[in-house]
Structures are given as C-alpha cells and as structure tokens.
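Visitor: I'd like to learn how to read a structure with several chains. Could you walk me through one?

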6 protein chains.
Amino acid sequence: MYDLVTFGEAMLRLTPPNFQRLEQATSFQIQVGGGEFNVAVGAQRLGLSTAWVSALPNQALGWMVRNKAREQGVATDHIVWHDGERLGLYFLEQGSSPRPSSVMYDRANSAISNLQPGEVDWDKAFQGSRAFHVSGITPALSSSCAECTMEALQAAKKHNLFVSYDLNYRKRLWTTEEAARCQEPMMEYVDLLITTEDDANDVFGHSGEPAQVAKELNDRFGLTACAITLRRIDTVWTGGWTAIIMADQLYEDITYDLENVDRVGGGDSFTAGCLYAWLTYGDWEQALKWGNAHSAIKHSIPGDYNWATAEDVKRIMAAAQSELRFKIQR
Amino acid sequence: MYDLVTFGEAMLRLTPPNFQRLEQATSFQIQVGGGEFNVAVGAQRLGLSTAWVSALPNQALGWMVRNKAREQGVATDHIVWHDGERLGLYFLEQGSSPRPSSVMYDRANSAISNLQPGEVDWDKAFQGSRAFHVSGITPALSSSCAECTMEALQAAKKHNLFVSYDLNYRKRLWTTEEAARCQEPMMEYVDLLITTEDDANDVFGHSGEPAQVAKELNDRFGLTACAITLRRIDTVWTGGWTAIIMADQLYEDITYDLENVDRVGGGDSFTAGCLYAWLTYGDWEQALKWGNAHSAIKHSIPGDYNWATAEDVKRIMAAAQSELRFKIQR
Amino acid sequence: MYDLVTFGEAMLRLTPPNFQRLEQATSFQIQVGGGEFNVAVGAQRLGLSTAWVSALPNQALGWMVRNKAREQGVATDHIVWHDGERLGLYFLEQGSSPRPSSVMYDRANSAISNLQPGEVDWDKAFQGSRAFHVSGITPALSSSCAECTMEALQAAKKHNLFVSYDLNYRKRLWTTEEAARCQEPMMEYVDLLITTEDDANDVFGHSGEPAQVAKELNDRFGLTACAITLRRIDTVWTGGWTAIIMADQLYEDITYDLENVDRVGGGDSFTAGCLYAWLTYGDWEQALKWGNAHSAIKHSIPGDYNWATAEDVKRIMAAAQSELRFKIQR
Amino acid sequence: MYDLVTFGEAMLRLTPPNFQRLEQATSFQIQVGGGEFNVAVGAQRLGLSTAWVSALPNQALGWMVRNKAREQGVATDHIVWHDGERLGLYFLEQGSSPRPSSVMYDRANSAISNLQPGEVDWDKAFQGSRAFHVSGITPALSSSCAECTMEALQAAKKHNLFVSYDLNYRKRLWTTEEAARCQEPMMEYVDLLITTEDDANDVFGHSGEPAQVAKELNDRFGLTACAITLRRIDTVWTGGWTAIIMADQLYEDITYDLENVDRVGGGDSFTAGCLYAWLTYGDWEQALKWGNAHSAIKHSIPGDYNWATAEDVKRIMAAAQSELRFKIQR
Amino acid sequence: MYDLVTFGEAMLRLTPPNFQRLEQATSFQIQVGGGEFNVAVGAQRLGLSTAWVSALPNQALGWMVRNKAREQGVATDHIVWHDGERLGLYFLEQGSSPRPSSVMYDRANSAISNLQPGEVDWDKAFQGSRAFHVSGITPALSSSCAECTMEALQAAKKHNLFVSYDLNYRKRLWTTEEAARCQEPMMEYVDLLITTEDDANDVFGHSGEPAQVAKELNDRFGLTACAITLRRIDTVWTGGWTAIIMADQLYEDITYDLENVDRVGGGDSFTAGCLYAWLTYGDWEQALKWGNAHSAIKHSIPGDYNWATAEDVKRIMAAAQSELRFKIQR
Amino acid sequence: MYDLVTFGEAMLRLTPPNFQRLEQATSFQIQVGGGEFNVAVGAQRLGLSTAWVSALPNQALGWMVRNKAREQGVATDHIVWHDGERLGLYFLEQGSSPRPSSVMYDRANSAISNLQPGEVDWDKAFQGSRAFHVSGITPALSSSCAECTMEALQAAKKHNLFVSYDLNYRKRLWTTEEAARCQEPMMEYVDLLITTEDDANDVFGHSGEPAQVAKELNDRFGLTACAITLRRIDTVWTGGWTAIIMADQLYEDITYDLENVDRVGGGDSFTAGCLYAWLTYGDWEQALKWGNAHSAIKHSIPGDYNWATAEDVKRIMAAAQSELRFKIQR
C-alpha cells in the first residue's frame, strides 16, 4: 500500500539560535527529526507514498511529531501510541570553525525505547508495499527495539519488500562490538546498505578504498547494492558531498560544494533521494544522482528533514556544472 | 554560614511564546525554576545570604541551572554533580480564559531523583546557618529523595536552624495517602508550615476557615507558625493574592489585585518574602506583609523566580492603597 | 468516505506582532485560515474524519496551505491545483480598546476565485460521506464560485448529506441585496443554518429576539435547525460567548467569559464543535454545548483555527461553573 | 511655512519585551520618542504640516531619530547637528498590576542639552508658520535649553504664532521651585497651557476642581485656553482618558476606556489632536474631542508616538458610545 | 527641483528568516524595495536630492512604502494614490550553496500596473531637475506602464534631463522579443544605459567582450555612456563585483570581494553610486568607482536598498587594497 | 584569595541582529563585556578563581553587569557602587565583506570613569591572590582611572602578584603620545605584556618581526614575557589566529582557521587562556597553546566573553590538525 515504509525514532530537536552555546541559550528553536522519519518525509516529497512507523507518547509533543509527518503527507496510521511516556529530545549546538556543531541527547526512556515485538502490525503495514527502510539507530535504542527491528526485517522479506539499511553507528548508544553482533544477522535481509567509510570500518571492520569496501560488504552480506557516502569537510560552514554506489558496477557522481545552513539529516536525504529514484527509475545511476543532489540541497535548509521538491532536485542536477548555478532565481 | 539554605529540584522550563499551545509551538522560551530554587533566589535578592542544595547533571543544562543561581548571588557550593544524568524539564502553556495555563512535566530520572542520603554534607551546609527551607515536592521525587529530605530536616534541627516547609502537594508525583504517610513524621522538625487550603485538606485532612485550619495544624504538629496562602482567581489573567499567618496570634493583610504575566512561583515568592522578613525583623506581621507584597510583584514578572528588589517591595507596600499605585514611575 | 466535507477559501494571514499597526510592522507572523478550512480542522481534531475542498495555486504558498490541512489530519485529495495563480492574503491588526482589531484583505484573483463548475468531482468527494459545510463567503468570492457552491449543495443533497451553512456576510465582497439574491435559492438544500443576529437581519431581513429570528428562518427555509451565535463584546480584549439553537425546541447554554488572544475563527469553532457533536451524538443540546465550549477555547489560541482536543472541550465544559476553572493545570 | 513647529528632545527608547524587568532583559525593542517629537508626528499624520526642531548627534543614532521624523512627514530642516555628542536614551519597563511601568533615563549630556541660544534660526523656522509647541521638559534639560526655550517663545510671539505649552513636570530634571521660577516668565507667551492636575499643583500651586484650576491658570497667565488631562488609572493594563478645556467656557467630553498596550505619549497625542483640530476648525469643542480620541487610540499602539490617521480618530469618535465599538473591523 | 527623479514600482518584500524555504516559514521579515525606489534612496543618502515617482494604493501598505521613501529623505510628492487597489508583493528565499536564492512575485494588478498616461505631472516633477532614471521593469509591468515610461522619457528630454536607463530584463514579465520591441524606441532618449552581459544579449542581441558590447550599444543607440556590471558568482554566499563604463573611453575598476548578506539591489546601488558621482563630479572614472564601491557595500546590508553613507563609500574605496580593509572599526 | 584579579570597565553592548546597520535597527541584542571582565570570566571558566574589580552604577543596568559576572562564578565583592551614575554602552555593527564590523562607544561619564584612588581596597582584594590583570583601556578612561591603575599595579607588586598587562590601544580615548607617557611608568610593574604588532608600534614605537619586537619590549621594560597576538584577516567572516610568546625563549604555535560568529573579545580570550595555563602549569608553551585555542573558540561564540570550558579547549587542541576536526560531535 506504500511505496516505502520506514521505522525508527523521531525526537524533538531544540537548537539555540545564532550559534549560541547551549549553556547561554535563552530560547530554543523547535524542529522534529530522526533518521527514518527524515527518509520518509524526503521520499514522500519527491513523489513516493510513504509511511513512518514508530511509537510516540500520547501527549502534545507526541502529537506534534505526528503532525509534522502528516504535514508532509507521510502516513501515520501505524504509529503505536503509549500513554504516560516521554518523547526523546536532543539539543543541537550550531558551530563555526574551529568549534564543530555538537549534539546532546536526552532520549533515554522514550516511548519507542519501550516498544515491544508484536505492537506493530507489520503485515498490515507491508501489505502491498514496495520497500522498507531502517537504520542502525533503531536496534541500538533498546534490546526490545533490536527485536522489533529484526521482526520488521523478517516481515519485510516475507512481503518481498526491497530493504534499505543505513548503518548509522551511534557510539553513545552502544559499542562497536554490540553493534556488530546485533546487526550482522540483520544483513541477510538487506538489499541496499548505506554507510560511511568510518561506520563500515567501526562496525564491520572493512577499510580502504570506498569502492573496495562496498564490494566487500556486498560480497559478505549478499547485498544488491552498497552506497558509501563521502562528505568532504572543509570548515564547519563549508564542505562537499558525494557518494558512490557499488551494485552491478561502480557508480560515481560529481561532488557538490556546500554552504552548511544545517548539516543534520544530510545522510537521510541521500537515502531518500536514492530510494525515490531507485523505486521510480530502477536505475542505480539515477539513484546515486538523486541521492547526492537531494542531500546537497538539504545542507541549505534548516531542520532535520528536507523541504526540497523533485523540481528543485532536477534544477540542481541540471545546473550543477553551470557557471550560473548559484545565480538568484527570479 | 548562610541565612537560608534550601533543598530541592530545579528544572528547565520551556514555554511557547504568545499563548501558543504546546502542540503548535515553533520555539520555546527558556526559564529555570523550582520551588526551593525560587525561594533561595527571592530571599537572596531581598537581602539574605542563601544557598541552594540540589543534584544536577554535569553537562551544559546542569551548568545553566547553576549559573542562574549564581547570577542571583545564591551559593551553589553544595550542589552534587552527577555525570551522565539528565535535567528535569517542564513545559508551560500560558492560557487565557476560559483555557487555564497548564504544565506538563518531563522530570522522571532527573539527577536529583537519584540523589542518595549521604551525598550532601549537611553539616557543612548548615554550619553557622540560620534557616532551612524545603517543600513537599522534594520527598515526592523518589524514595531516596524522601530519605534525603528527612536527613536534611534532622540535620537542620541538630544545627538549631529555623525550619520552613511548604506543603506543595503535587498529585502527579504521589497520592495524598503517600504524601501524608511520608510527611507526617517530618512535621516534628518544622517551625513554619506554608500551605494552601486545598493542600492542607488533601494531605492532612484539615478543612474549614483558614485561621482555624492553621490553628489546628499548629496544634497538631507543634509548629511555631502556619501560613495559609489565599489566591483569588478572577480570570486566567487577573486575580488577587493574600495570605494569613497564625502564630502567637492571627495576622492578616490586604489583598493585592493582580494582572498575571506569569503566575508560576507566586507561592515561592511568598515564602521568600516571609522568610526574609522573619529572619530580618523577627516579626510575623512583617513576615506576612513582605510575603504578600513580594508574591504580588512576582505575578508581573516572567519566569519562575522573582526579580524584585527590597526597594520594589517597599514601594508596593507603601503604595498599596494609594490611588496612584499603578502610575508610571518616571 | 468522510464524516464532513467543507468547501471554501483559505488565505495566508499576516499579522504584525505585539499590537503593531500594519503601517508600522517590520515582520509578520504567518497563519493559515479560512472559514471552511477552520471548520474542517476543528472537527477533525475533535474526532471526525474531514476533507477540505478548495482551489490552490501550485506554488510554495499553496503547498503551505495544503500542508497545514494535512498537519491536522484533514484530507486534501479534492483540492484543485491551479498553475500560475495566487493565494489570497489578509492582514490582521490586533487591537486594544478603544481601537478594535481590523482586517485588510488582498484576496482578489485568488486561485479559488477562478474555480469553475466541474473542476471539483463532488460525487467522489461525497461518496460515502455524512455532512457538508459551506459558508456565505464562498459564493461571494466570484460568480463562478457562486455556481460552484450551488453545484456542491445540489450534489450534497443528491448524496443525502447533512448540509450546514454559515451565513457569514462579508460586506467587502458583495451587497446585502446580492447576498440575499444569491443565497436564498441555496437555503432549500440547507439543514443547519448558522448566523449572527446582524447577518440574519442584513441578508434575510429578520430581526428581533434571537429565538424568534431562528424560528422564522427555520420556517421560511424549511431548516432542521438554526443556530444564532451571540457574542458579548465587553472590551477589545474581553467578552463573552454563547449561542442558541432552535430545532425541535429552543436550546440555550451558559455564556463563557473570554480573554481574547485571537478572536478570529471563533464562529468557525462553534460550527466545528456543533457539527462534531451533532454527527457524534445526534443531540442538539450536545451540539450547542460542544459548539460553545469549542468556540470559547478558540479565543485563547493564536491563529484562525482551533488547536483544542475533545479532552480540552470536555474539561472546559465540566469546569465551566467551578470556582477553580481558571486554576493552573499541573 | 509650517502649520506647527515643535521644539524638544527625542531619545532612543529601549524596552525589554514581554514585561521583563530591565535587569533580566536579553534584548531591547527600539523606539524613538520625546514629547514635542510625538506632537509633531501626531499632528502631521492628522493633516497639519509640521516641523520638529532639536539638536542631534551627527552619527547613526541621531540619523535614526531624524529618519523617524521624516518617515512621518515631519520636516527636519531645522535640526541642529552636533559632532561628537551623544543621543539621550531611556529604558522602559512595561508593568502589570501591582507593578507599575517605570522609566529610567540616561539623557545627561545629550546633544540638545548642549544647544545654545542662537544655534536655531527661529526666524526662518517661524516664517509663515502658524503655531509653536514646547513642553516643560525642554527648559529643564539644561540652563542653555531654558534660554533656548525662552528665545523660541519670544520669536514665536514676534511671528504671531499660536503658542502651546505642555507643563509636563519631570522631577528627575529639576525641583518644583526651579520649574516654577523658570517657567513663570514663559507663561506670558503662551496661548494654550496643557497640564495634569498634579503638575498644575506641583509647579504653580493650583489645586482643586480641574475646571477651577484651569480658570485660575487662565486668569493668572492671561491664557486663551487651559487644558487639563484627566487619566483614570484602574490597573496597570486598564484605565480611562478624558480632559477638559477651559477657554471662553468649559468644554467636557466622554471618558474613553483604555486597554494599555503602551501608555507612553498619551498626553502628547492629546496635544497633537487638540492642536490639529484647533488649527483646522478653530473650535475648542472639536479640539477637545480630537485630543481625547487621538490620545485614547495612542494607548493601543506600541511606541511613543501615534500611528493613527484622521480616519481612525473619526471612526473612534463616531463609535465611542456604540455597543459595537470594539467589534473587529473587516 | 530634484537632482534625480526615478520612476518605477516598489513592492513589499517578505522574507522567511534563517534561510528557511518559503513553504516552511512561520514569519516574514518585511522590507520595501524596487529598482528605481532603491536608486532614489541610494542617491539621496549619498548626497543628491531625489524624488521617486510611482503609483501606490491608498491604504496602510501603500503608506508604508511612502514612509520608507520619506525616511530616507526621498521626495514623495509625485506619487499617484489609487483607492481600492493593491500593493505588489514578492517573496524572497535566501539560499546557500548549492541552493540559490530565489524570488516569487505576486505583483499582478498592483496600483502602478494600472497607472495611465497623464496621471503623473511630469512637467512639474522635472521642472528644474537634473536627471531621470528608469529601468526596463517599469515598461514591462503593463502596456499602460510602457506608455507612461515613454511619456516620462520624452518629458525628461524636453526638460533636458540626463537620462539613465537600467535594462534589467525580467523574463517573468515579458519575452525578449516584447522587451526589444518596446524598448528600442526608448533608447533614443537615453544618455546612460546600464546592463548586464546577459541582458544586453537577450534583449538587444549583443554578445562578446563587455567593452565591445558597450561600444556597440553606444554606437547603435547614440548613448553618452554604457555601463556593464560584472558579477562574479563564487558560491551563493560569496562572489565579486565590478563593472566597466564605456564612454569617451573605457573605464575599469578593481573587483570587490563580497560576502553576501543580501544580494538584492546590488545593481541598483551601482546605479545610485554612479549617478551620484556623475552628477557631482562629472567624471566617468569617479562614477564607476562610486558605483562599484556603493554596490559592494550593499551586499553586506539586509534589505533592498542601501544604508551606506558617502563616508562609508569613501572608506571602502580608500581601504580597498589594504590588508586591513576588513579590520573591525573601533 | 583569588588566582586572578582583573580591573577595568564593563559595558552594555547593543547589537542590531542579522547584520543590520545601526541606523536601520528595530531591536538590539544585549551583551555585557569589557576587556578585563572578559578575562576574568574566561579564566574562571577554565578553572581559576577570579575576581573582577570595577565601579558600577547602582541601578538595574549595573546590577545586570554584576549578575553576568556572578553567573560565571567571578567574584564581585570588590566592585564599587556609585549612586546616580550611568553605565557605559557600546553599539556593535556586525559586518560582511567589504564592510567591516564597527563599534560606536557611548561610554563617557560612566561610573568607572569617576572612580577615584582609594575607593578600591586593593590590599583586601590582593590578600592571598596570585595574579593581577589590567589593560591599557583602564588608564585611558579618565585621569583618575589612570591613577587607580597605577595604584593597583603598585599594590599588586607589593603583594607579589604576577602582573599581566594588555596594551590594547584605543585611539578614541587618547593619543599614542598620551598612551605612551601614561603607560611607560606602569611597565616596571608588569611581568607579562600582551600586545598586537600595531599597538606595540603605535604606543612604544617598536616595529619589525614579532619575535624581535617582543624581545625588545622584554629588554626595555624588564618583562618576564611578552606575547604578540597575530590575527590573519582573510575576509570579514573568516581569518586565522595565532600568537607568539617571547620569554626565556621564543614559543610558537599553529594558526587556527576561523569562521567569525563574533570577533569581539578574541584577544581577551587569548589572555584568559594564557593566564590560566601559566598559573596552572607554569609553562609558557602551555600558556601559548591554551591562549590560542581558547581565543580561536571565542570567535565562534556570540557575545564578548567566552563560554568555552577547559574540556572544549583540550578537544580543540587535540583535534587541531585532524581532518575531522570540524565534524559534528554526537
């Protein structure tokens, strides 16, 4: 029934304005975000029909998160509502060189960390759907979340969904050993693995040239494709974005130069663009190009998820090499 | 060493601006507050030397709370620092008739809720001090907090401190039965009990005329004095404030008419004004007048604690009955 | 398929903050609203499934309006998208006595004003639906909008929907004569007519006691019920709200005292509450009580539409006569 | 050449938002204002051609003040520019009952306080002009300002201008004795004296019924007319405004009920409305009505000066007694 | 009577803060601007006396635009006021690489688009004036605006004014063919033509080296001088600005490196600086240098028009090559 | 009793947001700062116990300054309170290339400028203390401030404090001749002199290679060490920071690349880091490294003083050469 179903946590993000340190803040800007939430939003805006599965506390902050998904057209029918629980929060400090941006989490005991296998009706969510996406954050939230992730992966395969997995290692949530032990068995259900060089090394112990790492991961886990995102960090405010995909062959793309308004969710936007194009065109070259362009635009937009349209992405791709690509659009 | 030591939780308060509902907020104004924190600040500003005892997480939000105490001159030497824990939060919706203001707490597992007896060096904090204040919120936070409260009360009496206790019943934290069972034994250490009519009835089962209730509480618990605060609620934006004190005799005062900018902390400001005047003048009539005037001003000031000065309080008391009491001060 | 379908314009509302005059503004707060949009949102939040039908320009401002409907769970499938057109705007000045709030419209040539009969697939929208609501603003937008309104009313009746009509006379859009000539023929399709005393007099020429006016309108147009909303204006910031419904008998309710954060959309909230309760309980007394309480809360919430929940409405109704109805909710 | 020339100081006003105390502010809203500046703006907006005479520092803040005058159409040709000097500032705390609003000045050594007789070319400013207005603040700024004020008054009379004088006693600037000694000789040049009951008593020693005081002042100083403004202070947020004028006879008006967004400049708006109507209609009854209505509106508008139009004033006067005077204007 | 008269539209500009997309905005910052408006402001601030001619709706937004002109000292006597019409709006999205800034217009049916020949009294406006400036936007607004532009050009020549014309092609308003057909006949009245390379090519079909293009345009249209502005676009946030002027000879200047706070109005600031210096010094080298420096500063200032002073421009020109040109000024 | 005592002025800093020019501002962001104030805050946050000595007006703005010191843990016991005086202000315009940031002072007649020798009890402040810091701004404020500075330097030496002096020449306060004449005699009390190349040349006439200049200053004044700060200015938004120290030998460090959120106070942060490390480790190499890293971070933090922690500084130093030094911290 959906082109894409995603599963994971969304949090309230609280950001002091104007590059203030958290300690000096007198107000917070409110955003909502989370890896799989961001993917569902991005893919929906590009043209897929998507659903986001999660657990939320049944109070105003949980409603706010649901509202933000609905605002973007993402289906929220499979959210599990928990009374008397809390929403995870995180605090973002926007930096400037030489002070990097940084994140402080307050996500322990969030509603989703208490989600138990059986609470989500995966058969219903996956009935008639085409693809499923989850990241390595979800199984890291709690042992029951790890069980739910496995439950979802197995159900996805049962329903013949294309399965995308973003490795997304979070050192505050578990050790690399725990991450490896938990996720290795999950890889058999995965079609597309998305990772950075660091995470591939930290969790699965593969290092070296990205194309080689991707190839090794494909071989080891029997993946259809492996995408490795390659961020160039020039300063806190500037950098570059590209990625490769190793599938039937190696796919490469240009690097987009970035001025970072908000880096958070850049990887999720890659995933969203990539899945949109893969599910729409069935072509890894398009998947890579859409993923990169969609991610590049994200860095210019405040918040965790991407307000770009397919039209925006096409314009950026078309103008990418032009001298006038940064000219004001009138 | 301090005129007044207080003990309790402080939280980050997050308030949507302009009367927005929590669900529709896009930013939060940040305040810091908590019953005993507010009392320490208020009394310090009026002229006492005060210390606030608590446990805080050793990260930016915990530092922010400490900073706000220091900003007001409140001593923070006896704060216990916990690594890896969280700060309690609460969300305030400012209302207008017929929608009352409302509060949603996210305070479970805060650093102070994990405070254990023995962590605070009460002997050091009370050495040479004159008075101690705590409210019924502190023992309600956790069973270890209840133990710490009893520990503090006993230490306070050992050091011959004047002990003030604000009953402050919070139904989200415990039942009236639990509140009664826990706090009855504490009352033997208390000199001044501060309560509303409702709390006196809900926790200790005394109802009727305020003066009569106060007298019964004095007799039952061997108090020196009992203050009952009497809020008149006209609308969400307007009301009135007064209180009585029953000590050697009944003390009464005028009622201040209020336009509510921020009602939160009104009771704590009463306590602060009352303790300031009692410790300064040793006179219950003054204690009552200072408590009421200080509380009345609080309602006009944003945030949980009171930015009034002793000068402000004197001016309000002096002008209270004047026709020109609301005239612009040039 | 929907409990309620509504049809009308939504505009971008631009409001200078802090009671500034439009001429002195340096920023605008953005809201989205419109009579029938507000009704769809309010009813959805209370528990109905609703759809809002309109025409929007296919650009960012049109998408913003659609997003706001989706954010609240309102179905947007039947919106007609026009390329190259504009969204109507209005500018709101919030006043204080003796300066009333005021509205300046910039709505000419909005996308909906160009909507033509046949563009909306009413059969599809009404298939399996229960009720339809439109106001007298929609036919006033343009002659083609008047035709579309008639088209919708006839289709609604064909599908046996309960039809609600808010007379809502706007003197900037048409004369009373035009309003009467256009709307009289529409009344035969209407089950519930909602109006103020002024509008009933200006458009249909009925004046006098509200109950009598309602009765005359029922008789003249063969209505099931007629609601007359009765706003008491004390000052710009304060007032009262009640309404009567004349159906099989006269229904009356208490008057809610109001502190106005934002008066706009108060009538729409009455309609939403009324329709929710009528469609849920089939009881005019409940319809009146829900309409009044829902409307009263609206005045405390910024924006055109109502962020209250059914829980909020029940609490307000239950506490309406209590002394502590304005007490802070902890 | 101008209908009205005014002479006095304008300052930068810095206001903490949201009823914050000055001590707790993290930002200031910027306004520009000053008694005679406000009168020039108000009268210009109503329809007179006005000029404001002052001295300003030749730097960005001085330019800002000039810009604000020009923005309203007030002529700034006769401003004297001083290099290397400062602009006076004042800090406004907006209050709520029982805490009144209050003002802290930082105006010492402002450019105008150093203005010397001869710097302003009064003959040029008054050539072809009709009226001159100054308040008791100007001579209080410095002894040279007192000399300049006398110089201006004498020049005004030489040019046969109608002279208006607002007594406006400021206790922070001089004693009542100083004020009396300085201003008594000025009164012989005055046609219209505007004062409050308090100022009339404090400076000139006349007390009692306003009409009687006005009559005594008329007689003592040979005035054409004396206006006494009568503010009713209900709370900090609410009150009433009216005034009387004693000229050939006593003129009285209704009292306007006020919800105070910003009380500052209320008296100046009375003067502006009064002078506009006197110079336009030559009728004290109109002068009083325009002064009162214009002043009443001012209380609803943020800033020191009045953004009302003549149209606004007429609407307020027409609706003053109507039940629907506070109804939203669509 | 004026050094410079300009003629064209001014719009309300609405900008989401903090790089937000239009679709995600919750507030707008308000600016006023328009090509010829910006030129009048810039030249006035530098030292010319200027007037801006336009048509405005006779309501608060029209008044706001007039106020902003007056605030800067620009004469507004020749504005034509239209009752019941609207002000044009535009929405600006501030971008960051790789997302360019973009503009969405809502200017159809603005008051000026309905301006008819004969409404402006050009003889009065030009009597005693020295120069006239208009851009290619004005004739593109409507056919009657094209007629008014021709009327103004002919009147300007009749009064022997120096005529400046900024080609400023806007593809949303007309095709290049329409632009060419309409503007070719206008060129005979023009002394100074200002254009970009793109516009020169798109409208008049001249491409190649800027100096060559300028020479061809001079020859073809009998111009006194032709300025070609040369923007270097490095990223969305950074770039460079210079221009050439071809008159009796070729004039060239350094390129200013830019950090873009607000690029809008950069070209207009070139024109303003250029005209100021030409009319003041009668020297094309000075005209070019002032134009470039004035434009470069504009990019650092929020809003459409330039708040620089002549002093600022001189400082930038003097420091342009210095190592310390970006040092903080204390 | 303190590790470090500093002496100097603190002012209220008012900054228009969003790169606005002062002339166009409608609000100011409020900061508190001053050279020696900033040093006391920075050193305290890193781990020293510090006191700030100054004179403040006894009103809300003076209290605000004291509060900000206390908020950071800086002792305020030796502040001298003056009734009826004013606080110095300064206005900061944040620039972008080619417009540099700039500062306008309004500090004449501030409370500290009236401070007289004898008002501060230096013996009490220095009793048991380790170091004293003052800058060349303090003696420049007034002749009595120059006397107080000498008084402090002599008392510091009497108490055997390590004396740090930041030359910090301010051309708006005095000429280079005055600065030289006044400060030369002070140098005999100084252990560590901190200066820029420009100031060393302007005040003391030493130019050339920084190491050579430092050596000459050491020799001429018998200093223990001389630090020369070396700012690389690339654009207004970007640059680099390093410094050298010449003591027993020459110490050099890497240059930190900067993205400037707020450059003000960068030098003070160098001093704070330097003094912290010198007093903690007694090692000039550490002093230089801590000074540079602490200063570099400052440029990324809004306000005059530095909210970094020792942990932050260590992280920046450790990551300084790493490719991932700008990676988001999760």
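Predicted model: local features only at pLDDT ≥ 70, side-chain atom pairs only at ≥ 80, totals over all residues.

Guide: Residues are numbered from 1 along each chain as its sequence is written, while chains are lettered from A and ligands numbered from 1 in the order in which they are written.

Visitor: Let's begin with strands. Which strand of chain A does β2 of chain A pair with, and in which sense?

Guide: The general idea is that strands of a sheet pair through backbone hydrogen bonds, either parallel or antiparallel. Strands here are DSSP runs of E with at least two residues, helices are runs of H or I with at least four, and both are numbered from the N terminus. Two strands count as paired if DSSP finds at least two bridges between them. In chain A, β2 (residues 11-15) runs antiparallel to β3 (residues 27-33), with 5 bridges joining them. For a spot to look at, find Met11(A), opposite Gly33(A) in β3(A).

Visitor: What does β3(A) pair with in chain B?

Guide: Its partner there is β3 (residues 27-33) of chain B, antiparallel over 3 bridges. Phe28(A) faces Phe28(B) across that pairing.

Visitor: Now chains D and F. In what order do the strands of their open sheet come?

Guide: Read it as β8(D)-β7(D)-β2(D)-β3(D)-β3(F)-β2(F)-β7(F)-β8(F), an open sheet of 8 strands with mixed pairing. β8 (102-106) of chain D and β8 of chain F stand at the edges with a single partner strand each, so one side of each has no neighbour in the sheet. On average, neighbouring strands are turned by 30 degrees against each other, direction ignored; the axes are lines fitted to C-alpha atoms (for helices over the stretch in contact), and angles run from 0 to 180 degrees between N-to-C directions.

Visitor: Where can I see both kinds of pairing?

Guide: For the antiparallel kind, look at β3 of chain D and β3(F), joined over 3 bridges, where Phe28(D) stands opposite Phe28(F). For the parallel kind, take β2 (residues 11-15) and β7 (residues 89-93) of chain F, also with 3 bridges; there Leu12(F) has Leu89(F) as its bridge partner.

Visitor: How many residues does each chain bring to the contact between F and D?

Guide: Chain F gives 19 residues and chain D gives 19. Residues are in contact if their C-beta atoms, placed from the backbone, lie within 7 Å. On the chain F side, β3 (27-33), α2 (60-71) and β8 (102-106) each give two or more residues. Since 100% of the interface residues of chain F are also interface residues in chain D, the copies meet through the same surface.

Visitor: And which residues of helix α11 of chain A are buried?

Guide: A residue is buried if 20 or more other C-beta atoms lie within 10 Å of its own, exposed if 12 or fewer, and partly exposed in between, with C-beta atoms placed from the backbone. In α11 (residues 310-319) of chain A, the buried ones are Asp312(A), Val313(A), Arg315(A), Ile316(A) and Met317(A). Their cover includes α1 (35-46), α9 (266-281) and α10 (284-298) of chain A.

Methods: Contact = placed C-beta atoms within 7 Å.
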